[in-house]
Amino acid sequence: MKIVIIDYGAGNIQSIIFGFKRLGYEPVLSSNADEIQLADKVIFPGVGEAGSAMKKLRESGLDKIIPSLKQPVLGICLGMQLMCNGSEEGDTKGLGVFNVNVVRFNNEVKVPQIGWNQVSHPEAPFFNGVKNNEYMYLVHSYYAPLCENTIATADYGRKYSVALQKGNFYGVQFHPEKSSIAGERLLKNFLNL
Ligand SMILES: NC(=O)CC[C@H](N)C(=O)O
């Protein structure tokens, strides 16, 4: 199985590479449109600020490629946020896969949220084998509100989307590659799609 991790210079992807290596796979890092389109599974990572990450995507033309992909695509953290309609962070227009706008946590909670939080996913097949309310690891200041594409939620001052799905597109706000056995199970579920 060919797993391609999209390389657009937005963040440290070493832990994602190691996450798949632990499962026995050799993911390939690529910014090449053909190579991404031919992959069996595509990972869209992202760490940092939405506006500058989106600018890099646009400069490489990947903003057009990603929403047109037909195989399973998994956006992680900022990757998931960029797959939404837009983000309040840097007033950024997103890829428009998920029908929701990412907003900032308000000042009632400590920002960023750093650490483990429970993920509720009562009926999502994508979470098969992961206990409901299992803990996953997160680092973020912006979040996707609940919407028609929500498949899992967490609570941080309010309930919000920690996983989204629309057709072949999946997004998780938490870091499965840093979330121990439960995160590993989720990566396996993605590879089994
Ligand atoms: N850890 C990150 O890169 C966070 C992504 C995004 N800037 C947020 O704060 O939600």
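In this predicted model, the ligand is surrounded by Val47, Gly48, Glu49, Ala50, Cys77, Leu78, Glu89, Pro112, Val139, His140, Ser141 and Tyr142. Sorted by class, this shell holds seven nonpolar, three polar and two charged residues.

**The annotated active site**

- An unreviewed UniProt entry lists Cys77, His175 and Glu177 under "active site".
- These residues span 101 residues in sequence, yet no two of their C-alpha atoms are more than 11.0 Å apart, so they gather at one spot.
- Cys77 also belongs to the set of residues that surround the ligand.

**A closer look at His175**

- You will find His175 in the loop that runs between strand E13 (169–172) and helix H6 (180–191).
- His175 is buried because 20 other C-beta atoms lie within 10 Å.
- Once neighbours within four places in sequence are left aside, His175 is in contact with Ile76, Cys77, Tyr137, Leu138 and Gly183.

**A closer look at Glu177**

- Glu177 sits in the loop between E13 and H6.
- Glu177 counts as buried, as it has 23 C-beta neighbours inside 10 Å.
- Not counting residues up to four places away in sequence, Glu177 touches Ser15, Ile16, Gly19, Gly183 and Leu187.

**The seven-stranded sheet**

- Seven strands make up an open sheet with mixed pairing, and their order is E2-E1-E3-E4-E13-E12-E11.
- Strand E2 (28–30) and strand E11 (150–155) stand at the edges with a single partner strand each, so one side of each has no neighbour in the sheet.
- On average, neighbouring strands of this sheet are turned by 25° against each other, direction ignored.
- Strand E1 (residues 3–6) pairs with E2 in the parallel sense over three bridges.
- Within E2, Val28 stands opposite Val4.

**Strands E8 and E9**

- Strand E8 (residues 113–119) pairs with E9 in the antiparallel sense, over seven bridges.
- Gln113 has His140 in E9 as its bridge partner, and His140 is also one of the residues around the ligand.
- Side chains alternate along strand E9 (residues 134–140): Glu134, Met136, Leu138 and His140 point to one face and are buried.

Notes: Residues are numbered from 1 along each chain as its sequence is written. This is a predicted model: local features need pLDDT of at least 70, side-chain atom pairs count only at pLDDT 80 or more; totals for chains, interfaces and linings use all residues. A residue is near a molecule or strand if its C-beta atom, placed from the backbone, lies within 6 Å of it. Ala, Val, Leu, Ile, Met, Phe, Trp, Tyr, Cys and Pro count as nonpolar, Asp, Glu, Lys and Arg as charged, and the others, Gly among them, as polar. UniProt positions are given in the numbering used here, feature names are shortened, and annotations may be inferred rather than shown by experiment. Helices (H or I, at least four residues) and strands (E, at least two) are DSSP runs, numbered from the N terminus. A residue is buried if 20 or more other C-beta atoms lie within 10 Å of its own, exposed if 12 or fewer, and partly exposed in between; C-beta atoms are placed from the backbone. Two residues are in contact if their C-beta atoms, placed from the backbone, lie within 7 Å. Two strands pair if DSSP finds at least two bridges between them. Axes are lines fitted to C-alpha atoms, for helices over the stretch in contact, and angles run from 0 to 180 degrees between N-to-C directions.
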